Amino acid sequence: MTAASPAPKPRSATTVWPGESYPLGATYDGAGTNFSLFSEVADRVELCLIAKDGTEERIDLEEVDGYVWHAYLPTVTPGQRYGFRVYGPWDPPAGHRCDASKLLLDPYGKSFHGDFDFGQELFSYDLAADDLASGGTPPQLDSLGHTMTSVVINPFFQWGSDRAPRTPYHETVIYEAHVKGMTQTHPGIPEELRGTYAGLAHPVIIDHLKSLNITAIELMPVHAFMHDHRLLDLELRNYWGYNTFGFFAPHHQYASNRHAGGAVAEFKTMVKAFHEAGIEVILDVVYNHTAEGNHLGPTINFRGIDNAAYYRLLDGDLRLYKDFTGTGNSLNARHPHTLQLIMDSLRYWVLDMHVDGFRFDLASTLAREFYDVDRLSAFFDLVQQDPVVSQVKLIAEPWDIGEGGYQVGNFPGLWTEWNGKYRDTVRDYWRGEPATLGEFASRLTGSSDLYEATGRRPSASINFVTCHDGFTLNDLVSYNEKHNEANGEDNRDGESHNRSWNCGVEGPTDDPDITALRGKQMRNILATLMLSQGTPMIAHGDEIGRTQRGNNNVYCQDSDIAWMDWSLCETNADLLDFTRKVIGVRKKHPVFRRRRFFEGKPIRSGDEVRDIAWLTPAGTEMTPQDWGTGLGQCVAVFLNGEAIFAPNARGERVVGDSFLLCFNAHDRVQDFAAPEGFYANEWTAELDTADPTGATDLVVAAGEKISLPARSVLVLRKTA
């Protein structure tokens, strides 16, 4: 059946030209605006122009080409608020949910105004009932005034000489950050700019990142997102932002300029500032689901425009949604117009907003054709062939919650991946779990077991130990259990198996020995991360020991629980100095950022010196038997800086210093012997995690014994 429509309005006096079906959305060309909307299911579509006083002017879109409804309005300029009303079948058992009483947001909207009030007017069923009104028509309550509106933007911007840094992966160091959390409490940022794009682009933030030798900032979701009604009722908010409803618009609440379209220009200005500093901007994007949620969610855009096209519906009951994400729905990446939406969005952020790459949340969902994750899916094909998207950084979170969703190592050759196995292995190694040495060796050297078979290089492994999801680095060494009571779910939310170790006391302590051990453990993890082959990523605040008080799921904590505490720059100045130092070691020495995997072969025929060698604490090479013995917590690895076979960008041979990395994850002191023979005659210590800043003046001759403190890393550089 077709849902009853609001009373018809007189034909608009606004001048209407036929316009074009492409591009989709609202496109201002300097004179007027073209409007275009896809809906295969619609019988009729109205463009609704919303005046500042909230009144509405409706215009029938009479031109339809390939299910795309369009018109050009020569008098409409930037700042105009608008929406759509779609007339068509209301038939949930058949998967259709058209409801013309709902003012619908533009799926291609580049800016939005207002807010959602979550009243009955947003829903196409009676909130007091227990079902979704599968029979009869939905309540005819107009959502205008209760929902956001789309806004026409001015697309023109003075980019000047802006250039993408295009930092090679093997030279990349990623810093994951939250726009608000990074800037909300910084004393050096003007109060009116805190929590905004302008605040993030402030020189104090950029100088901090440059001092760390960060090359890319990865922003948690900045696409327009909704705060869940349930969280608002609990006086919480969707802090992380993984609840997108607009894939083309920067989230307006992160803009200091809240005027119509102001977020767009402010975001561009931020990107320009980062590029001037040589820092790339990577976006965490959420194309796997939308904010409309499950069958009981509000109708704000996709659901009312073409439910069956945009969403994966449950086989056998089209009223319901397939949910591979745990959020209530999954976008239907099998449909050509949904695929077009995703690809158009990606290109827009590269071409118009100048971003440098994307991290795809729950990327396995996008690769599901019928049910299973498929490396030959249409989505991967489109990305591979796209001349714009294929040339930026593409980072997959290679899992979702569906069956077979864990796909670490299985993405196509163009992609890099958050390496969850790296995270788990490094956590286990430093908390003293047994029998992890072989796995640890593989992760330290770039995870060739995961990536080499698909033609990828070590940089395909995005190495991380902490990120937004889970404990901070400080909390990883301070808590055995999650403490999420503030989230209002009785501590049921969040991961329960964290591979963490509190070093003897749960949470804060004044015990100097435990405090010292926690500091050393943080340095051990940072050193391991930065000296591993692959692309390292650290989470914002880990360089200064940020804590979330044991909360490992701060998705709803828009508060000081989740924000950066910049006073820690002084409190934990030693940790900040250490982080700068260890990233500096990585930057200076090419053996830690090789473009190709180690081969374990001699440099020349008959030469005993190889590109890598694993050594026992006695200074002898590991045998197959050694890998299975109790040596698992103590090991050394020789990295040959004279055996880097891949040339640099100019085709020149890369030669650097050679290093000996000594790892002691044991709870007691371990003697290591500097290897004799062809390795080196003398070693000079470059970094020692036993010291709060990593400082050391140790010089070791070949064959000399080194007493390596419990739970520490010593980095030795060949000097003779």
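The model is predicted: local features need pLDDT of at least 70, side-chain atom pairs count only at pLDDT 80 or more, and totals for chains, interfaces and linings use all residues. Residues are numbered from 1 along each chain as its sequence is written, and side-chain values use heavy atoms, with hydrogens and water left out. The structure holds 33 salt bridges and 45 aromatic pairs.

**Helix α10**

- Helices (H or I, at least four residues) and strands (E, at least two) are DSSP runs, numbered from the N terminus.
- Buried means under 20% relative accessible area, exposed means over 50%, and partly exposed lies in between (1.4 Å probe, protein chains only).
- The buried positions of α10 are Leu 437, Phe 440, Ala 441, Ser 442, Arg 443 and Leu 444.
- These buried residues pack against the helices α9 (420-431), α11 (448-451) and α13 (512-531), and against the strands β24 (612-615), β25 (634-639) and β26 (659-664). Contact here means heavy atoms within 4.5 Å.

**Salt bridges**

- Side chains of opposite charge can pair when their charged atoms come close. A salt bridge is counted when a side-chain nitrogen of Lys or Arg is within 4 Å of a carboxyl oxygen of Asp or Glu.
- Lys 322 bridges to Asp 315, with the closest N and O atoms 3.3 Å apart. Lys 322 is buried, at 10% relative accessible area, whereas Asp 315 is exposed, at 61%.
- Arg 359 and Asp 361 form a salt bridge with an N to O distance of 3.3 Å. Arg 359 is buried at 0% relative accessibility, and Asp 361 is buried at 9%.
- Arg 431 and Asp 428 form a salt bridge with an N to O distance of 2.9 Å. Both residues belong to helix α9 and lie 3 residues apart, about one turn of the helix. An α-helix has 3.6 residues a turn, so residues three or four places apart point the same way. Arg 431 is partly exposed, at 23% relative accessible area, while Asp 428 is buried, at 11%.
- Salt bridges that share partners join Arg 44, Glu 46, Glu 56, Arg 58, Asp 60, Arg 85 and Asp 142 into one network.

**Aromatic pairs**

- Rings of Phe, Tyr and Trp (its six-membered ring) pair if their centres lie within 6.5 Å; planes under 30 degrees apart count as stacked, over 60 as edge-to-face and the rest as tilted.
- Tyr 197 and Tyr 254 make an edge-to-face pair, because their ring centres are 6.0 Å apart and their planes stand at 85 degrees. This pair links distant parts of the chain, 57 residues apart: Tyr 197 is in helix α2 (residues 197-200), and Tyr 254 is in the loop between β15 (244-250) and α5 (262-276). Tyr 197 is buried, at 0% relative accessible area, and Tyr 254 is buried, at 5%.
- Trp 418 and Phe 464 make a tilted pair, because their ring centres are 4.8 Å apart and their planes stand at 45 degrees. This pair also links distant parts of the chain, 46 residues apart: Trp 418 is in strand β21 (residues 416-418), and Phe 464 is in the loop between β22 (461-463) and α12 (473-476). Both Trp 418 and Phe 464 are buried.

**Charges over rings**

- A charge sits over a ring if NZ of Lys or CZ of Arg is within 6 Å of the ring centre and within 35 degrees of the ring normal.
- Arg 359 lies over the face of Trp 418, at 4.0 Å from the ring centre.
- Arg 44 lies over the face of Tyr 87, at 4.3 Å from the ring centre.
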